[in-house]
Amino acid sequence: MSDKVYHVLFLCTGNSARSIMAEAILNHLGQGRFRAYSAGSHPAGQVNPYALELLERQRLPVQGLRSKSWDEFTQPGAPLLDFVFTVCDNAAGEVCPLWPGQPVSAHWGIPDPAAVEGSAEEKRRAFAEAFLLLNRRISLFLSLPLDKLDALSLQRELARIGHTGPGQEAAA
């Protein structure tokens, strides 16, 4: 097994909910093999309180989580990224910056829980559904033999994971 630490960036337009939750999930489940970050093309400037509440309920660390611009990851001294995942449809359609090192990228679209209108309970349910989907996809990603897959196979597996729903294996 390799000692390499993989650097992963999760992107969403506002960087307040889905990408933040993905960052927290991967940093927890990756057990030091992965270092996750999140950013947005138009950051909201604050993390959605429902996202923070859910992460705390799941006993995931929330310190250091903040809404930030993807520009931070194009600057000198930024981590060299191995993977970039878009988790919202808006960011997937935008022209992303050129990331140094040509990371492998995939689109893992998740419905926006922050867009849900209704009661606090309905909003919490939407955040829980997004969390479950992110958790499932990240778990599948972590199960990949990254050091054994060629670039084309890896790209294909990441695309399959992006079509996976909660409790499902990656679509064939």
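Trainee: Which elements each supply at least two residues of the lining of the largest pocket?
Mentor: Those are α1 (18–29) and β2 (34–40). The largest share comes from α1, with 4 residues. Helices (H or I, at least four residues) and strands (E, at least two) are DSSP runs, numbered from the N terminus. One caution: this is a predicted model, where local features need pLDDT of at least 70 and side-chain atom pairs count only at pLDDT 80 or more, while totals for chains, interfaces and linings use all residues. Residues are numbered from 1 along each chain as its sequence is written, and side-chain values use heavy atoms, with hydrogens and water left out.

Trainee: What makes a residue part of a pocket's lining?
Mentor: An atom within 4 Å of a pocket point. The points sit on a 1 Å grid over the protein atoms alone, and a pocket is an open set with protein on both sides within 12 Å along at least five of seven lines; a set where a 1.4 Å probe fits but cannot get out is a cavity instead. Here the lining is E23, A24, N27, H28, R35, Y37, P61, Q63, G64, L65, R66 and K68.

Trainee: How many nonpolar, polar and charged residues does that lining have?
Mentor: It has 4 of each class. Ala, Val, Leu, Ile, Met, Phe, Trp, Tyr, Cys and Pro count as nonpolar, Asp, Glu, Lys and Arg as charged, and the others, Gly among them, as polar.

Trainee: Why is the contact between E53 and R57 called a salt bridge?
Mentor: The term needs a side-chain nitrogen of Lys or Arg within 4 Å of a carboxyl oxygen of Asp or Glu.

Trainee: What else does E53 form a salt bridge with?
Mentor: With R124, the closest N and O atoms being 2.4 Å apart. That pair links distant parts of the chain, E53 in helix α2 and R124 in helix α4 (residues 120–143), 71 residues apart. The whole structure has 7 salt bridges, including R66 with E72 at 2.8 Å.

Trainee: Are E53 and R57 buried, partly exposed or exposed, and how do you know?
Mentor: Buried means under 20% relative accessible area, exposed over 50%, partly exposed in between (1.4 Å probe, protein chains only). E53 has 26% and R57 has 46%, so both count as partly exposed. R124, at 28%, is partly exposed as well.

Trainee: What makes F85 and W108 a stacked pair?
Mentor: Rings of Phe, Tyr and Trp (its six-membered ring) pair if their centres lie within 6.5 Å; planes under 30 degrees apart count as stacked, over 60 as edge-to-face and the rest as tilted. F85 and W108 have centres 4.0 Å apart and planes at 15°, so they are stacked.

Trainee: How do you know that F85 and W108 are buried?
Mentor: F85 has 0% relative accessibility and W108 has 1%.

Trainee: Why is F85 with F141 called edge-to-face?
Mentor: Their planes are at 80° and the centres 5.2 Å apart, so the pair is edge-to-face. F85 lies in strand β3 and F141 in helix α4, so parts 56 residues apart in sequence are tied together. Y6, F10, F34, F83, F85, W108 and F141 form one aromatic cluster.
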